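This report describes how the parts of a two-chain model are arranged and joined. Please consult the sequence and the structure shown below while reading.

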Amino acid sequence: MEVKILSAKFDIEGANKLEVAKQHGAYANLDRLFSMEPADVIEEVKKSGLRGRGGAGFPSGVKWGFLPKDTGKPVYLAVNSDESEPATFKDRYILVRDPHMLIEGIIICSYAIGSHDTYIYIRGEYTTQVKELQAAIDEAYEAGYLGDKVAGHDFRVDVTVHRGAGAYVCGEETALLESIEGKKGQPRSKPPFPAVAGLYDCPTIINNVQSIASLPYIIENGADAYRQYGTEKSPGTHLFGISGHVEKPGMYELPLGLPLLEVLEKVAGGVWKGRKLKGVIPGGSSTPVLTPEEAKTVTLDYESMAQHKTMFGSGGIVVLDETVDIVKLVKNLINFYHHESCGQCTPCREGLGWMKKITQKILDGEGTMSDVDLLRELCDNIEMKTVCVLSAACTMPVRSYLDKFRHEFEAYVTADESSVAEAK
Amino acid sequence: MSDRSQLISTGEPFQFDKERDAEFERLVKRYPTRESMILPALWLTQEQEGWISQEAIAYIADRIGTFASKVYEAATFYTMYNLHPMGKHHICVCRTLSCWLRGKQEIIDYMRDELGLTPGKKTEDGKFSLEEVECLGHCGTAPVVQVDGEFHENMDVEKFKSLLATLK
Ligand SMILES: Cc1cc2nc3c(=O)[nH]c(=O)nc-3n(C[C@H](O)[C@H](O)[C@H](O)COP(=O)(O)O)c2cc1C
Ligand code: SF4
Ligand code: FES
């Protein structure tokens, strides 16, 4: 089931080095790129159907088309390498194993959108990764693939790595821009959208690492080749991260559209220790959970996930076995989002804290049925009433656990004292 | 959010060493505004000293030409900036979803029972400090521990013990 498009060079020893990467085709299509018109590059990417791999799945070519023309201001490209959504661990493989694919992607995107300055925003925890990425950028500068004349063509591309410092919210695109500007990572109200007024108040495109790294293949082989993989509406391949209770957790490149359960069985070795499946989180911790029954019919693409009232998200699949205590899991999730709230909206800052306390109260055996109802009600009252969707990233999954596993919350409420003590 | 509002004064003036000074000058040219240097300058400070003092905040503000409050704002917002000295070895254990599912708690319990070390604290000899952190982006090899910036994957208590033994 696995394919090697983005990960083609991942297993090649030393492919993070320019010399080896070039032997395997890196930077081979720059002459072709610069012979094309930027508008044609955008058209090809639109035709490929490439969708943003940061979680929202917005078509990349279409996003680029939102840039206003001839504003007289510079256009910035910000590459989102914050990779902080729990259960997401794909982009760092690109940074470490094939950074030149990312740099080539940056050159392609920059040319298409008329940008000369890229900032790669990388999460602060990626200490070793940031060094390796910088080493690759230095090599690309030295070889003339970055700088004033990219590969001898009359086009400048400068790339700067900007290191975050431990804030999940900086993955949100406007918080990311604030952070590059030296501020705390508080998302901006939209509109204006970054394409119009982004970094330093200039037109800005923000794309995920994997989205950008998908470009060299598309330019080299064309949109139709890319479309051989995946489905009509979800074309291409994706780096999936499978974690939790499976025998073979790991990062796997797969075409979109495969049946979820088959992937879990054949690729990830099935539920570990011969246990039964309790649920699957399909695309990072913020996506609503699927029951084993729902998991039977879902396929790994944007449309099927939406039909199952969840989201494709970041491709971070988490498997939960029968032993998982859903209430404790929900507590772990709320903890995360509450801790990462930037604090500027009351429903998020206070509401998530409130949800955390109620869940703890239920876990402590002191909850009532109306607490379970209140938790559910809070989800509806917090969502979409805030500046960014971090709060919804918490309430959407929590609502799904409450709706699909309500009996587990109720069990805590109705349990006699001895069984509660045991559950702790 | 947690309370990170306290700054500690060393009573000594702070400045970048030669290497960091050069790095600052290299980086400042990469941005159209000097304020963008706030995060990089905080990193340079932490690399040099291990933590960020009140004097360092004042120095960075001065060096960039901005208000100390702006530097303070960033230093207190971003959780990776240490606002007090850490242990000689700083241990971060991921507590989020996938690591939680695959037994991160056993490692935390081990440190509490064997070293008397709990999250947010240092051992008495100052050798280890411990922090529970959120998802470190290595969920496929959970549970994950980061020591002095180095990742250690597929951890369990036995492996963790041997790891501790290698830390001088
Ligand atoms: C709270 C929050 C955190 C996010 N974290 C990330 C992240 O770590 N990496 C990422 O690429 N996108 C993240 N996103 C999505 C970005 O805002 C944005 O949609 C994406 O980077 C756009 O790139 P794409 O179109 O190539 O997917 C996050 C969004 C939110 C609301
Ligand atoms: S929803 Fe939460 S994280 Fe997003 S802007 Fe509001 S307070 Fe900040
Ligand atoms: S959940 Fe621990 S590294 Fe992602």
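## Interfaces, domains and ligand site

Between them, chain B and chain A bury about 4,000 Å², with 58% of this on carbon and sulfur atoms; buried area here is the accessible area (1.4 Å probe) that two parts lose on being put together, summed over both. The model is predicted, so local features need pLDDT of at least 70 and side-chain atom pairs count only at pLDDT 80 or more, whereas totals for chains, interfaces and linings use all residues. Residues are numbered from 1 along each chain as its sequence is written, chains are lettered from A and ligands numbered from 1 in the order in which they are written, and side-chain values use heavy atoms, with hydrogens and water left out.

Chain B contributes 36 residues to the contact and chain A contributes 65 residues, contact meaning heavy atoms within 4.5 Å. One salt bridge is found across this interface, a salt bridge being a side-chain nitrogen of Lys or Arg within 4 Å of a carboxyl oxygen of Asp or Glu.

Domain bounds come from an automatic or database domain assignment. Chain A comprises domain 1 (18-227), domain 2 (237-321) and domain 3 (326-423). Domain 1 of chain A supplies 15 residues to its contact with domain 2 of chain A, which supplies 19 residues. About 1,300 Å² is buried between these two domains, and carbon and sulfur atoms give 57% of that area. The rule finds one salt bridge across the interface of domain 1 and domain 2 of chain A. Chain B is assigned domain 1 (18-77) and domain 2 (89-166).

| Salt bridge | N to O distance |
|---|---|
| Arg51(A) and Glu303(A) | 3.0 Å |
| Lys184(A) and Glu73(B) | 3.4 Å |

The residues around ligand 2 (a heavy atom within 4 Å) include Val169(A), Pro187(A), Cys342(A), Cys345(A), Cys348(A) and Cys388(A). The shell around ligand 2 holds eight nonpolar, four polar and no charged residues; Ala, Val, Leu, Ile, Met, Phe, Trp, Tyr, Cys and Pro count as nonpolar, Asp, Glu, Lys and Arg as charged, and the others, Gly among them, as polar.
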